[in-house]
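Thanks for coming, everyone. I would like to walk you through one residue and then widen the view to the chain around it, so please have a look at the model on the screen.

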Amino acid sequence: MMLLQINTPVPKDIPLPLPLPEWLLVTLLIVSFLFHIIFINLMVGGSLVTLWAQIKGLKDKRFDNFAHEIAKTITVNKSLAVVLGVAPLLSINTLYTVYFYSANALTGFAWILIIPLVTIAFLLTYLHKYTWYSLEKNKTIHIGIMALAVLNFLVIPLIFLTNVNLMMFPEKWGTVKGFISALLLPNVFPRYFEFLGACIAVTGIFIVWYNGRKNYPVETIYQDQFSRYDLKKLGYSIAVIGLGLQILFGVIVLFTLPSKGIGYDVIAVMAGAGCLLAFALWYSYQSLTSDKEHIDLHFKKIALSVLVFMLFYGGSRQMYRHNALEKHQELMAAHTAEFQRLSKEARENPVEEEVELEIDPSLGEVAKGAAIFKMNCAACHKENEKLVGPPMTEMVSIYADNTTGLKQWIKAPGKKRPDYPQMPGFSQLSNDDLNELTKYILSIKK
Amino acid sequence: MFHLDWLNDRFLIAAIAILHVFINHGLAVGFIPYITWLEQKGVKNAPSNQITDLKWDNLIYQKMKVAFIITTTIGAMTGVGIWFSVALVSPASIGSLIRVFYWAWFTEWTVFVTEVVLILIYFLTWKNSNTSLKAKVRHIKFGWFLSIFSWITMAIIVSILGFMMDPGNWNTDKTLLNGFTNPIYLPQLLFRTPTAMLVAGVFGMLLTTIFAKRETEIRKKAIKYAGQWILAWTPFVTAGAVFYWNVIPQAMKDNMSTAVGTMEFAQYYDLLKYFIIGTASLAVVLGVSALLQPRKIKFAYVIVPCLFVFGFLGIFERVREFVRKPYIIGGYMYSNLLREEDYPLYKKDGILKHATYTAVTEITEDNKLVAGRDVFMNTCSRCHTTQGVNSITYVFERMYGFGKPLDENSMAAYIPNMHNGRTYMPPFPGNKRELNALVAFIKHLQQTGEGLEGVQTTGVDINPLNSAKSVSENIENKENSQQLTQK
C-alpha cells in the first residue's frame with residue numbers, strides 16, 4: 001500500500017526576504033530572459049543554417065559563401081547569449097531558489113555537463129571560423145567541426161528544458177533517478193521542438209535584417225552569386241519553415257501540458273501568442289512570394305509580432321509556473337515558518353546536557369579537571385597507551401615539576417615528535433580550567 | 001544532495017573557480033592594459049610615414065586573439081560554471097547570498113555585459129582601425145577604457161567576496177558597502193591588481209615565444225617590453241602580497257573561536273611565504289634576463305615562471321577559502337550549510353527529523369547504518385567523501401593510525417568535541433543517537449570500502465515528516481485548534 005502513496009517533499013525555504021518585490025523580479029526575469037533567448041536562438045539557429053548551407057555549398061558554391069557569412073555572426077551572438085543569460089539565471093535562482101536548486105541537484109551530472117559542453121561548442125565555433133581558409137581543401141573535416149558544434153548546441157537546450165520542467169513538479173522529485181528519467185517527464189520534448197522552431201524562425205528574420213543593412217557590402221562579398229533580394233528571400237523562407245514548426249509544436253505543447261498549472265489565463269495568453277505566430281507566418285509567406293520592390297514591406301510587422309510573441313510566450317510560461325507552484329509554495333512557507341518557530345523555541349530553551357561538564361564526584365578534587373579532560377583531550381589521549389597523541393603517563397614524566405610548561409604547551413603546542421601529528425592549540429580554555437586540567441593530568445600515577 | 005564521492009564536491013567548485021580566476025586576472029584584467037600598452041608602442045615606434053609598425057601590430061593582435069578566444073569561451077563559461085557548481089554543491093549558502101546580494105550581482109552583471117561588448121568591439125575592430133591614424137588612436141584609447149572597465153568588474157566582485165569572509169556582519173549589516181569597507185578588501189585588491197598584471201606579462205612573453213620567429217627584431221623587442229612590464233609590477237606584487245599575507249591571520253582569528261591557527265592552516269600559511277619569495281625572485285630573474293639577453297629567452301624558460309605565477313594566484317585563493325572556515329557565511333551558516341541559530345533545535349530533535357530528504361527519522365538498531373548514511377549526507381558530505389578526496393575514513397585513519405580498525409567509541413568521543421581542537425570544523429549538529437549511527441556508518445565504510453552516491457544518480461528518499469501530506473495536516477490541525485480556542 002505504501003508504494004502507491006504520493007509523496008511530495010516540502011523543503012524549507014531560505015528564511016530571508018526577497019531582495020525586491022516579487023512582481024519586479026518576475027518582470028526582470030521575463031525581460032532579461034527575452035534578450036537571452038533571442039541570442040540563444042541566433043546562436044543555435046545560426047549554427048544549423050551554417051551547417052545546412054555549407055553542405056549545400058559542396059555542390060553550389062554560392063551557399064558556401066553564404067555559410068561563411070552566417071558563421072561569422074555565431075561567435076558574436078554566442079558571447080552575448082552567455083552574458084545575457086546570467087541575469088535570468090540570477091532572477092530564477094532568487095525567485096524559485098529551492099525549486100530550481102532541487103531540479104539541478106536531481107539532474108546533477110547533466111546539469112554541470114552544460115559547462116564543458118558549451119565551452120567545447122564555443123571553441124569549435126571559433127575553430128570552424130578561423131580555419132575557413134586553411135581547411136578549404138578538407139571540406140569534410142571542416143563541416144565535421146560545425147556538425148560537432150551543432151550536436152552540442154542541440155543537446156544543451158534539452159538539459160535546460162529538463163531542469164525548468166522538473167522544478168515545477170515537486171511531486172515527481174521522489175521518483176526521479178538522474179537526468180534521463182527527468183528528461184522523459186511529459187512536455188519536455190514538445191517544448192524542445194518548439195524551441196528549435198523558434199531558433200530557425202528568429203535566425204531567418206535575422207538573415208533578412210542582416211543582409212538588408214545599408215553598410216553591408218553584399219556586392220563585394222557575393223559578387224554576382226546572390227543579390228540582396230535573393231538573400232532576403234532566403235531569410236524569409238528559413239523564417240517560414242521555423243514559424244511553421246513553432247506553430248505545429250506549440251499546439252502539441254498546449255495539449256500535452258500537465259493540468260496542474262493550466263488556467264484560462266494561461267490558455268488565453270498562449271492562444272494570443274499563437275495568433276501572433278500565425279500573423280508572422282502569413283506575412284513572411286507574403287514577403288517570400290512578393291516581387292523585388294515589396295520584399296521589405298512587411299518586415300517590421302513580422303519582427304515586431306515575433307518579439308511580442310516572445311513576451312507573450314515568456315509570460316505564459318511564467319503564469320503556468322506560478323499556477324503550478326502556488327499551492328506548494330504556500331505549504332513551503334508554512335513549513336518554513338513552523339521550523340523557524342521551533343528553532344526559536346529551542347534556542348530559548350537549550351538542552352542542557354551537552355553543555356554541562358560530566359562531573360564524577362568520586363574523583364574528589366580532580367573531578368572537574370577530569371571532566372575537562374574528557375571533553376577536550378580524551379579523543380586523542382589515553383591514560384596508559386598511545387592513541388593519537390602520547391599517553392598521559394608520558395605527560396606526567398615530562399611535566400611533573402613544570403605545570404607552567406604544560407599549560408603553555410596546551411595553549412600553543414609545537415611539533416616535537418616526527419611520528420605524531422601536531423596537536424592543535426587549546427587557547428580557548430580559561431586559566432581556571434587550565435589549572436584544573438593540569439592538576440588532573442599530573443595526578444595520574446605512572 | 002548532489003554529491004561527488006570521488007573528487008569531492010568542493011573540488012568541483014574549486015577547479016572551476018580557480019580556472020576562472022586565472023583567466024579573468026591573467027587574460028582580462030591584466031592582459032588588456034598590457035596589450036593596449038604594446039599596441040601604443042607600435043604606433044609610437046612606427047616610421048613617421050606609417051600608422052603603425054604592421055608586423056609588430058600583427059604580433060600583438062595574435063596575442064590578443066588568443067586571450068580573446070580563451071576569455072570568451074573558457075573564461076565566460078567558468079564564470080557561469082561557478083554559479084552552476086555552487087548551486088549544486090552549496091545551494092543553501094548561495095541561495096542566502098543571492099537574496100542579499102541580488103543588486104550587487106545585478107550591477108556586476110551590467111558591468112560584465114558592458115565588458116564583454118567592449119572586448120568584442122575592441123578585438124573585432126582591430127584590423128579595421130589600421131586604416132587611419134585617427135582610427136588607430138581611437139582604438140588604443142578604447143583599449144585603455146576597456147582596461148579600466150575590467151578592473152572595475154574585479155573591484156566589485158572582490159567586495160562581494162570580502163563580505164562573505166567578514167564575520168559577524170551578516171547578522172548585523174547586510175549591505176554591499178560592508179564588503180568595500182571590510183578589513184581584507186583593500187589588501188585583496190592591492191594584491192590582485194598587480195598580480196593580474198604580472199601574470200599577464202609572463203603569459204604575454206610566453207605567447208611571444210610562440211608567435212614571433214626566432215632571431216627577429218620584433219621578438220627581441222616584445223620580450224624586452226614584457227621584461228620591463230614584469231619588473232615594473234613585481235615590487236607592487238610583493239608589497240601587495242605581503243600586505244595581504246599580514247592581514248590573513250586577523251581575518252582568521254575573527255572567524256574561528258580560537259586565536260591560534262590550526263595546523264593545516266599553518267602549513268598553508270607557511271607555504272604562502274615561500275611562494276611570495278619564490279614568485280618575486282623568479283619574476284625578477286625573468287624580467288632581468290629578458291632585458292639583458294632577450295635573444296636567449298625561449299618557450300621552455302618562460303613556461304616555468306608562467307606556471308609558477310598561476311600557482312601563486314591559486315595558492316592565495318586556497319588560503320582565502322580556508323580563512324572562511326568553519327563558516328560558509330561568517331557567523332551565520334556553517335560549511336555544512338546548517339545555520340548556527342538552528343543548532344539548539346538539531347541538538348534537541350536530531351538532524352534527521354528536520355531533513356527534507358532522509359530514509360530514517362527514528363533510529364533503531366536495524367536502520368542504524370542507513371541512518372548513519374543519511375547523517376553523513378546531511379552533515380559531512382559537503383566537504384568529505386567516503387573513499388575519495390578528503391574522505392572521512394582517511395581523516396580518522398590519519399588520527400588513529402593507518403590500517404588499524406577504527407574504534408567507534410573513540411570516534412564518538414571525538415566528534416562532539418572536534419570543533420574545539422580543529423577549529424575549522426563546525427560543531428557536530430546531531431544528537432547522541434545520530435552520532436552513534438554516524439560512527440557505525442564510518443566504521444562500516446572502513447570495513448567494506450563502500451562508496452556513497454549523490455541524488456543525481458540515486459534520487460531522493462523523502463522524509464515523511466516533511467512531506468506535503470504531513471505539512472498540510474499540521475496546518476489544518478493548527479487552524480482547528482485556533483478555532484477551538486476562539487470558540
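Let me begin with the definition that the first point rests on: a residue counts as buried if 20 or more other C-beta atoms lie within 10 Å of its own, as exposed if 12 or fewer do, and as partly exposed in between. Please keep in mind that this is a predicted model. With that in hand, B:F299 has 13 other C-beta atoms within 10 Å, and it is therefore partly exposed.

Where does B:F299 sit? It is found in helix 11 of chain B, which covers residues 299-324. Leaving aside residues up to four places away in sequence, B:F299 touches B:L206, B:T209 and B:I210. In that stretch of the chain there is also B:T208, which is 91 residues apart from B:F299 along the chain, while their C-alpha atoms are separated by 8.6 Å.

Stepping back, chain B is divided into domain 1, residues 9-334, and domain 2, residues 342-486, and the C-alpha centres of these two domains of chain B lie 40 Å apart.

Finally, the partner chain: 71 residues of chain B are in contact with 70 residues of chain A. The elements of chain B that give two or more residues to this side include helix 3 (54-89), helix 14 (392-400) and helix 19 (468-486), but helix 4 of chain B gives the most, with 16 residues. Sorted by class, the side of chain B that touches chain A has 40 nonpolar, 24 polar and seven charged residues.

Technical notes
Residues are numbered from 1 along each chain as its sequence is written. Chains are lettered from A and ligands numbered from 1 in the order in which they are written. This is a predicted model: local features need pLDDT of at least 70, side-chain atom pairs count only at pLDDT 80 or more; totals for chains, interfaces and linings use all residues. Helices (H or I, at least four residues) and strands (E, at least two) are DSSP runs, numbered from the N terminus. Two residues are in contact if their C-beta atoms, placed from the backbone, lie within 7 Å. Domain bounds come from an automatic or database domain assignment. Ala, Val, Leu, Ile, Met, Phe, Trp, Tyr, Cys and Pro count as nonpolar, Asp, Glu, Lys and Arg as charged, and the others, Gly among them, as polar.
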